[in-house]
Amino acid sequence: MIKIEGNPIPPPSLTVEAQKANGVYNKPDVIQRLKEDSNDKCYICELGGLSDPEVEHLRPHHGRKIPERVFDWNNLFYVCPHCNNLKKEAKYDDKIIDCCVEDPEDMIEQCYENGHVNVHNIVDEECAIMTAELIQDCFEKRNTGIREAACQHRINRLSDEMNVLYKTLERHKKDPELQRYKRSLKATLSRTSIFAAFKRNYVRKHIMDYPDLEEFLV
């Protein structure tokens with residue numbers, strides 16, 4: 001999970017649909033705006049290029065029993081079905097970081113090591129603890145066949161991205177004056193990049209080896 005700079009102006013359809021008895025909150029303009037704001041990534045796992053995105057309510061409305069949350073633009077997020085399904089567990093209700101308001105990198109640490117993901121809180125706050133648990137589950141909870149496949153797909157994609165990062169870092173270390181590698185790392189470490197939280201955390205933990213890259217982690 002990474003900080004998202006969302007457009008504060010709600011898509012027009014939300015106002016219209018909110019007036020209907022059975023209005024919907026996932027009209028095309030909502031989907032498109034969320035896709036742009038999130039850089040076409042699931043806001044929880046950061047998998048990119050979603051072919052089957054869903055609109056997720058950060059704070060649940062419990063079957064529209066809390067109607068003010070249904071069409072609240074600030075409560076809608078772009079998510080993949082796998083993460084959306086996991087987040088529906090009641091233990092996460094109202095306990096997940098709002099990454100449009102707070103910076104998850106200040107609250108949780110996302111690591112990839114030896115083919116596995118390890119996510120933990122770095123501040124003693126319930127939302128950090130529960131968000132870390134949710135992201136961990138999105139990569140490692142394999143209690144059904146479907147989840148096993150979904151988790152492995154994310155691990156495989158993350159592994160590919162991290163391997164590219166490692167190789168580029170090595171090339172940059174050998175020739176730090178060559179701007180081509182530095183430009184590549186700037187793009188790779190941007191919050192718009194897929195799995196950015198994992199890549200940025202790796203460089204942050206090894207910043208002594210790459211001090212000139214600190215400017216890309218701001």
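**Entry 1: cysteines**

I began with C99 and found that C99 is buried, with a relative accessible area of 0%. I note here that the model I am reading is a predicted one.

I then looked for disulfides, and the structure holds 0 of them. C99 accordingly takes part in no disulfide, and its nearest cysteine sulfur, in C100, lies 5.1 Å away. I recall that a disulfide is a covalent bond between the sulfur atoms of two cysteines. The cut-off I applied to a pair of cysteine sulfur atoms is 2.5 Å.

Next I looked up C111. The closest cysteine sulfur to that of C111 belongs to C138, and because the separation is 16 Å, it is too far for a bond. I recorded C111 as buried too, since its relative accessibility is 6% and buried means under 20%.

**Entry 2: backbone angles**

I searched for residues other than glycine with a positive phi. D40 is not a glycine, yet I read a positive phi of about 55° for it. I placed D40 in the loop that runs between α2 (28–37) and β1 (54–57).

H62 also has a positive phi, of about 50°, and is not a glycine either. I located H62 in the loop between β1 and β2 (76–79). Is H62 buried, exposed or partly exposed? I noted H62 as partly exposed, because its relative accessible area is 39%.

**Entry 3: a charged patch**

I then asked which helices supply the patch. Both α5 (145–174) and α6 (179–188) give at least two residues each. The largest share, 3 residues, is that of α5.

K174 belongs to helix α5. I classed K174 as exposed because its relative accessible area is 73%, and exposed means over 50%.

**Entry 4: V203**

I finished with V203, which I found in helix α7, residues 196–205. V203 is buried, as its relative accessible area is 0%.

I also looked up how V203 stands to K41. The two residues are 162 residues apart along the chain, and their C-alpha atoms are separated by 21 Å.

**Entry 5: review**

C99 is buried at 0%, H62 is partly exposed at 39%, and K174 is exposed at 73%.

Methods
Residues are numbered from 1 along each chain as its sequence is written. This is a predicted model: local features need pLDDT of at least 70, side-chain atom pairs count only at pLDDT 80 or more; totals for chains, interfaces and linings use all residues. Side-chain values use heavy atoms; hydrogens and water are left out. Helices (H or I, at least four residues) and strands (E, at least two) are DSSP runs, numbered from the N terminus. Buried means under 20% relative accessible area, exposed over 50%, partly exposed in between (1.4 Å probe, protein chains only).
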